[in-house]
Amino acid sequence: YKLSVSPEMDIMEYCRREWRGNTPAAKRMRKGYEAVAQKFASIRRIRGDNYCAFRATLFQALSQATQLPRWLQSEDFTMLPENLLSKYDWIKQWQLRQKPGKRMGEISDEIKQYLTLLRKKWKSISEIKSPLEKQEACDKLFKNEDEEYSLYEALKFLMLNTAIELYNADKSGRRVPVFSWLLFARDTSSNPCQLMHNHLNHIGHSGGLEQVEMFLLAYALQYTIQVYRLYKYSTDEFITLYPNDPEEDWPLVTLITEDDRHYNIPVRMCQETML
């Protein structure tokens, strides 16, 4: 049993423990952490499996949620698997977590359950008024492995849906964000079917999210994901936004990474920053 989200720890104390040496890399990391510490007092470590980008993003989104996002409110939200399967036969090859070889009807029902759970959890946590109780509810959810991994399956499916929408928009001549071209310019994901087979089906099993997929996650959730990329300290990419031209009404979540593979979360904004 591993904690999915570790208790908070002073950010500079964490940095001193992790980066003791005098190598150029250690010095850069310390500078990066000092910059983050101007804004946030603490850090929470995220469990390091191939779901950590999902885990960090969803934990941050839920722990500050005050309402259900618009896309989660729509009537036909849970009908998504049925609707997509009726149009795209290849979705039958969707790889359910630890359940290879499930039949198409079962896949549809299963994903519907995951989407229903996502809406239910988001709704109940966003309705909690007390910040302390909200935090406790998030901690509890991320200690329940079954529910937690079901939520990641829901996120993956939402990413597939978003990818299909962007692909179709581009094919019909509508404007799409630049990352969408990059997503489908890869040899391994020139269309949504390939994206599913070669990327989404592997997330959590043999790999995490690549850079371009962080954009896709942000679009699927309609959240801006701000990432302190510590190894990029003192470059233009130190603080990266996914997407880099976010919609004004999208909420913001903040993550920290040392290498673009593993993500942790900063917590407790410093008072002067909040003012």
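Mentor: Helices (DSSP runs of H or I, at least four residues) and strands (DSSP runs of E, at least two residues) are numbered from the N terminus. The model is predicted: local features need pLDDT of at least 70, side-chain atom pairs count only at pLDDT 80 or more, and totals for chains, interfaces and linings use all residues. Residues are numbered from 1 along each chain as its sequence is written, and side-chain values use heavy atoms, with hydrogens and water left out.

Trainee: Where does UniProt place the feature "active site"?

Mentor: UniProt positions are given in the numbering used here, with shortened feature names, and annotations may be inferred rather than shown by experiment. In this case the entry is unreviewed, and the positions it gives are Asp-49, Cys-52 and His-262.

Trainee: Which residue forms a salt bridge with Asp-49?

Mentor: Asp-49 lies in the loop between β2 (40–44) and α3 (52–63). Counting contact as heavy atoms within 4.5 Å, and leaving out residues up to four places away in sequence, Asp-49 touches Arg-55 and Tyr-149. A salt bridge requires a side-chain nitrogen of Lys or Arg within 4 Å of a carboxyl oxygen of Asp or Glu. With an N to O distance of 2.9 Å, the partner of Asp-49 is Arg-55.

Trainee: Is Cys-52 buried or exposed?

Mentor: Buried means under 20% relative accessible area, exposed over 50%, and partly exposed in between (1.4 Å probe, protein chains only). Cys-52 is in helix α3, and beyond its neighbours within four places in sequence it contacts Ile-46, Arg-47, Arg-261, His-262 and Tyr-263. Because its relative accessible area is 3%, Cys-52 is buried.

Trainee: Which residues have the most contacts inside the largest nonpolar core?

Mentor: A nonpolar core is a set of buried Ala, Val, Leu, Ile, Met, Phe, Trp, Tyr and Cys residues joined through side-chain atoms within 4.5 Å. The largest one has 74 residues, and those with the most contacts inside it are Trp-94, Leu-118 and Trp-122.

Trainee: Which helix gives the most to this core?

Mentor: Among the residues that Leu-118 touches, apart from those up to four places away in sequence, are Leu-151, Ala-154, Leu-155 and Leu-158. The largest core has 74 residues. The helix that gives the most to this core, with 13 residues (it spans 145–171), is α8.

Trainee: Which exposed residues does the face of α7 turned away from its buried side carry?

Mentor: The buried residues of α7 include Cys-138. Turned away from that buried side is a face with the exposed residues Leu-132 and Lys-140.

Trainee: How many residues apart are Glu-18 and Arg-45?

Mentor: Glu-18 and Arg-45 meet in a salt bridge at 3.5 Å, N to O. This pair links distant parts of the chain, with Glu-18 in helix α1 (residues 11–18) and Arg-45 in the loop between β2 and α3; their separation is 27 residues.

Trainee: How many salt bridges does the structure hold?

Mentor: Asp-89 and Lys-92 form one of them, with the closest N and O atoms 2.8 Å apart. Others share partners and join Arg-229, Lys-232, Glu-237 and Asp-260 into one network. The number of salt bridges in the structure is 18.
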